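Hi everyone, thanks for making time. I'd like to walk you through one structure today, so let's bring it up on the screen.

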Amino acid sequence: MPQVNIRASSQRLAVIDRAAAIRGVSRTEFLLRSSEAAAIEILNERPVIVLDDEAWDDFVAALDAPVELDPAVKARYARTPQWRR
């Protein structure tokens, strides 16, 4: 089984040991559970979107399609900005 070694100050280990004791688990189990929970939280921050081949092709086509600007948006872009008047 792979192994992980860490270096920590006595103060940090004391805090970890106290928390592990409250949970009723070993230091190793506490560290594994805590780090796994943090890792899952970070991974969940990045959503994964799964598309089948047809949906993927539609998605890519939408990205590649030229942008059709609304006439009101075009009119705003055509105006001279106030700082240039």
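Let me start with a question: which residue caps the N-terminal end of α3? It's Asp52, which places a side-chain oxygen 3.2 Å from the backbone nitrogen of Glu54. Helix α3 itself covers residues 53–64, and its 12 residues reach 16 Å from the first C-alpha to the last, close to the 16 Å expected at 1.5 Å a residue.

Keep in mind that this is a predicted model. The protein averages a pLDDT of 94, and 100% of the residues score at least 70. Confidence is highest in α1, at 98, and lowest in helix α4, residues 71–78, at a mean of 89.

Now to the packing. Helix α1, residues 10–23, meets helix α2, residues 27–44, at an angle of about 90°, with the axes 9 Å apart. The two are therefore roughly perpendicular. On the α1 side, the contact uses Leu13, Ile16, Asp17, Ala19, Ala20 and Arg23, while α2 brings Arg27, Phe30 and Leu31. By type, that contact has 6 nonpolar and 3 charged residues, and no polar ones.

Key
Residues numbered from 1 in each chain as written. Predicted model: local features only at pLDDT ≥ 70, side-chain atom pairs only at ≥ 80, totals over all residues. Heavy atoms only, no water. Axes fitted to C-alpha atoms, helices over the stretch in contact; angles between N-to-C directions. Helix = DSSP H or I, 4+ residues; strand = E, 2+ residues; numbered from the N terminus. Parallel < 35°, antiparallel > 145°, perpendicular 65-115°, else oblique. Contact = heavy atoms within 4.5 Å. Nonpolar A, V, L, I, M, F, W, Y, C, P; charged D, E, K, R; others polar. Expected span 1.5 Å × (residues − 1). Polar contact = N/O pair within 3.5 Å; in protein donor to acceptor, adjacent residues only side chain to side chain. pLDDT = per-residue confidence, 0-100.
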